[in-house]
Amino acid sequence: KRNSKFAELTPEHVEYFQSLLGSESAIIDNTSSAAEDDVEPFNSDWMRKYRGHTKLVLKPESTEQTSKILKYCNDNMLAVVPQGGNTGLVGGSVPVFDEIVINLSRMNKIRSFDDISGILVADAGVILEIADNFLAEKNHIFPLDLGAKGSCQIGGNVATNAGGLRLLRYGSLHGNVLGIEAVLPDGTIVDDLSKLRKNNTGYDLKHLFIGGEGTIGIITAISILCPQRSQAVNVAYFGLESFEKVQEAFKEAKGQLSEILSAFEMMDGESQILWKKAKNSKLPLEGEYPFYCLIETSGSNTEHDSEKLQSFLEHVMDRSIVSDGVVAENQTQAASLWSCREGVPEASQHWGGVYKYDVSLPIAEMYQLVIDCRKHLSDKGLIGDEDSFPIIDAVGYGHMGDANLHLNVCVRRYDKAVEKALEPWVYQWIAKRNGSISAEHGLGIAKAPFVGYSKNATLIKLMKQIKDLYDPNGIMNPYKYIGV
Ligand code: FAD
Ligand code: MLT
Ligand code: ZN
């Protein structure tokens, strides 16, 4: 239900924003001029699962403009949704009702880069791939990579504390982000854009914005530590007979590839079949296997790294840990191996929709969730080949190196009966094993009601106190996160 404490947009409000932002491309106004179709992309999320009803999208181009917008909204009790690339997977980036969308896409400048320290300072709206391409020219790499890199923004990445494909190598954004510039709802500009690696001078407040999902302020810029780009990158893809073998392979990879290991991803056979069908393409190996893994190494010496990877593969194949495998011989092949993994999110919603569960679990128990879930859905008569069943399949894949599983329940259409069968069943399953109901995608609207399965009452109370302190009127991304 829409919270009646929030004001409804009036022509006076819109006039204020017009006078502030000036340029036509900075405002999409469906209250009078623009058509419903123009606001649609900002109202609808990547999964086409969540849909809001905003009539106004604002695109500030500076921190000062963002500050003035927020102050005005706060003074006038207008609720807002910060929006980056709108690739989030928990419905956090779109309005629920008529909240104003504040889209950061026009704040897209690289501010500085120091090639000795590797520290990049950039506006929040810079697209991840553009930041990484810029860094590539300087022989550096953005310490985060994910399938949505072509659309997601670095501010959105920080706001969701995205994990991605190489966290096992480069660590989390809580470690790499050195500073943040943000605007609070009352218009205060928080200048904490530190370029220091070490700075123990009291509470480290930037961490509240990392993973804050736009609930206490808008991130307008970040400073981030970027590693040197590796000269030699190798990718291998292999098939395995069981999840036990996947675990053994992971252990061997850590032991033998150690400092050059930069990704270890797991995909079950079902997820790869789905990818193959959606893409109408071929998988890299001849045979079919219950599990597949993708390994990437990044180091400084091509010969040394290839030798290491080759002898690792021989070792795991001799010991029958891995059944079959292929190593990319060039960049095109490496990209095509990666696409079998990075393409799974798109494939999983190809037939209509997807229910996504992004969980952290003790590694040995990780895959059991997929097996139990399939049985649970089949007992309920919801899964099957014919069109009359809402569910096509439940697939598992994810960041093995981080004990982060993605359970995707792929459907022909969004269906309340499926949702009821899955929730809170999945969350209860995870809570029993002391896992996390969100390893990396965040809470958004999807998981706001379920945060109690991963956080105790004391922690939730403290989080609500922080929210109230930073956003006393509750205008920032309401109805989400911790449900306030
Ligand atoms: P949006 O979707 O626009 O916003 C996400 C949240 O952050 C919202 O709550 C929004 O209000 C808030 N927000 C956005 N910008 C700001 C800002 N400047 N200040 C304050 N709040 C803000 N995630 C992973 O962790 N790992 C993955 O491997 C991964 N792979 C993905 C692959 C695909 C194909 C897709 C579609 C998504 C994937 N994601 C992954 C989800 C991930 O959360 C997002 O892709 C990304 O981090 C969000 O960035 P965005 O700019 O699109 O943010
Ligand atoms: C991934 O690892 O591919 C992402 O987190 C996206 C997803 O699970 O859909
Ligand atoms: Zn992921």
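In strand β12, L294 is the bridge partner of E265. The two strands involved are β11 (residues 261-268) and β12 (residues 291-299), which run antiparallel and are joined by 7 bridges. Two strands count as paired if DSSP finds at least two bridges between them. Strands are DSSP runs of E with at least two residues, helices are runs of H or I with at least four, and both are numbered from the N terminus. The model is predicted: local features need pLDDT of at least 70, side-chain atom pairs count only at pLDDT 80 or more, and totals for chains, interfaces and linings use all residues. Residues are numbered from 1 along each chain as its sequence is written, while chains are lettered from A and ligands numbered from 1 in the order in which they are written.

Strands β11 and β12 belong to an open sheet of 7 strands. The order is β13-β10-β12-β11-β15-β16-β14, and the pairing is antiparallel. Strands β13 (324-327) and β14 (353-360) form the edges, each pairing on one side only. From one strand to the next, the twist averages 15°. Helix α10 (residues 269-279) lies across β11, β12, β15 (391-399) and β16 (404-411). Its direction makes an angle of about 110° with β15. Such axes are lines fitted to C-alpha atoms, for helices over the stretch in contact, and angles run from 0 to 180 degrees between N-to-C directions.

The domain assignment divides the protein chain into domain 1 (11-105), domain 2 (110-225), domain 3 (232-344) and domain 4 (349-442). These bounds come from an automatic or database assignment. The centres of domain 3 and domain 4, taken over C-alpha atoms, are separated by 24 Å. Their contact takes 16 residues from domain 3 and 14 residues from domain 4. Two residues are in contact if their C-beta atoms, placed from the backbone, lie within 7 Å. On the domain 3 side, α9 (243-257), β11 and α10 each give two or more residues. Strand β11 has the largest share, 6 residues. By class, this side has 11 nonpolar, 2 polar and 3 charged residues. Ala, Val, Leu, Ile, Met, Phe, Trp, Tyr, Cys and Pro count as nonpolar, Asp, Glu, Lys and Arg as charged, and the others, Gly among them, as polar.

Ligand 1 lies between domain 1 and domain 2, because both give residues to the shell around it. The shell holds 37 residues, and the closest are G84, G88, G92, G156 and G214. A residue belongs to a shell if its C-beta atom, placed from the backbone, lies within 6 Å of the ligand. Strand β3 (80-83), helix α5 (154-160) and strand β9 (218-225) each supply at least two residues. Helix α5 gives the most, with 5 residues. The shell of ligand 1 divides into 15 nonpolar, 20 polar and 2 charged residues.

Ligand 2 is surrounded by L89, G147, P345, K356, D358, G398 and H406. This shell has 2 nonpolar, 3 polar and 2 charged residues.

Strands β5 (residues 110-114) and β6 (residues 119-123) pair in the antiparallel sense over 4 bridges. Here S112 stands opposite V121. The hairpin has 4 residues between the strands, and G118 takes a positive phi near 80°.

An unreviewed UniProt entry annotates residues 50-229 as "domain: FAD-binding PCMH-type". UniProt positions are given in the numbering used here, feature names are shortened, and annotations may be inferred rather than shown by experiment. The span is 23% helix and 22% strand, and its end C-alpha atoms lie 37 Å apart.
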